[in-house]
Amino acid sequence: MSTKHKNFLFTSESVGEGHPDKVCDRISDSIVDLFLTHDPQSRVAVETLATTNRIVLAGEIRGPKLITPREMEQAARDAVREIGYAQKGFHWQWADVQIYVHAQSDDIAVGVDASGNKDEGAGDQGIMFGYACRETPTLMPAAIYYSHKILRLISEARHAGKLPLLGPDAKSQVTLEYVDGVPVRAARVVVSTQHDESIGQDDVRELVRPFVQAALPEGWMPEEKHFYVNPTGRFVIGGPDGDAGLTGRKIIVDTYGGAAPHGGGAFSGKDPTKVDRSAAYMARYLAKNIVAAGIADRCTLQLAYAIGVSEPLALYVSTHDTNHVDDEKLSDILRELVKLSPRGIREHLQLNRPIYKKTSSFGHFGRDPEPDGHFSWERLDLVAELKRAFGL
């Protein structure tokens, strides 16, 4: 997001846990958690396709042979059940589940595995970005923060039985007005949610309204004509029955809502040796700690890797002219504080744990770190060291 223009509108979207692509992310990450539960060193790269009463898993694994296709099938069904799909066109119990999962390629394994004096290498080439800013308490961009929050509140109410007429599939979109570079209100809000055929658009609008009001700061609700709920008028058929889903198609929803760059790699379905996932988590962790330490008001950080090579090819840090220290020195300090090899990242953030299913909806970033290791990349445990390094 450019800061050259001080007054502007900026939009981000989110999708709910029952969106077809998010169903697939949930299933793929359930498979990752299944393998990591049995063996923290498992290698997993599993993609999911979902359509009308059909789920297809495909990919590569290296892990305990005791995990059978039947267990993978059950993990997929459990994920769909937890989301809430027991509909005629997509039912957790009756959907046909097909599994096409085979062993990881030896050509990939030899590049990734540590051997002799060679440290563990990256599982693929790629670039990963992290970002943080002061727009919200979680140091996330505001538009994606509020888009996620609207759907999360609706989801919590649905799972609590308070919204029995709404279904699992949902989307939101928030357009914020910025004045002097600061968000001041929601200019437009869009919410689309699956609903029972017994109610209409006006009913859905009033069911959704209090959750939007609760998600936004006081006084931020848009004018009524710019509050759009189910703009097509009807959203009864939803989820994979209405639109096929695939793992990894919502990478902007998963990250910063378009307010920061994305390297292109998806997260879900991948174990933490894949730098698409782990290095993106590390980049967010570093950027967030930099902003929280008062070193800058905004920070974009990029890491680049080559397959089979342990150390990053490059580390780039930009504080968008909001820095209070020297950017070049900042890069050097980061390398001193944290090992940026795939192994170093996994060990520092303790990523070889079954902590990924929760990341599959409402964003991978801006979440509260949990004692059991979920969202460890959101910790602020580098703040004191960064302040000390710069005498702040």
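Guide: Start with exposure: a residue is buried under 20% relative accessible area, exposed over 50%, and partly exposed in between (1.4 Å probe, protein chains only). Here Glu82, at 27% relative accessibility, counts as partly exposed. This is a predicted model, where local features need pLDDT of at least 70, side-chain atom pairs count only at pLDDT 80 or more, and totals for chains, interfaces and linings use all residues. Residues are numbered from 1 along each chain as its sequence is written, and side-chain values use heavy atoms, with hydrogens and water left out.

Visitor: How many salt bridges does the structure hold?

Guide: The term means a side-chain nitrogen of Lys or Arg within 4 Å of a carboxyl oxygen of Asp or Glu. The structure holds 24 of them.

Visitor: Which residue forms a salt bridge with Glu82?

Guide: Lys357 does, with the closest N and O atoms 3.3 Å apart. The two sit 275 residues apart, with Glu82 in helix α2 (residues 69-83) and Lys357 in the loop between α10 (342-349) and α11 (383-390). Helices (H or I, at least four residues) and strands (E, at least two) are DSSP runs, numbered from the N terminus. Lys357 counts as partly exposed because its relative accessibility is 29%.

Visitor: Which residues are linked with Glu82 and Lys357 in a network of salt bridges?

Guide: Glu17, Arg26 and Arg158 join them in that network.

Visitor: What about Arg134 and Asp297?

Guide: They form a salt bridge too, the closest N and O atoms being 3.0 Å apart. That pair links distant parts of the chain, 163 residues apart. Arg134 is partly exposed at 43% relative accessibility, and so is Asp297 at 32%.
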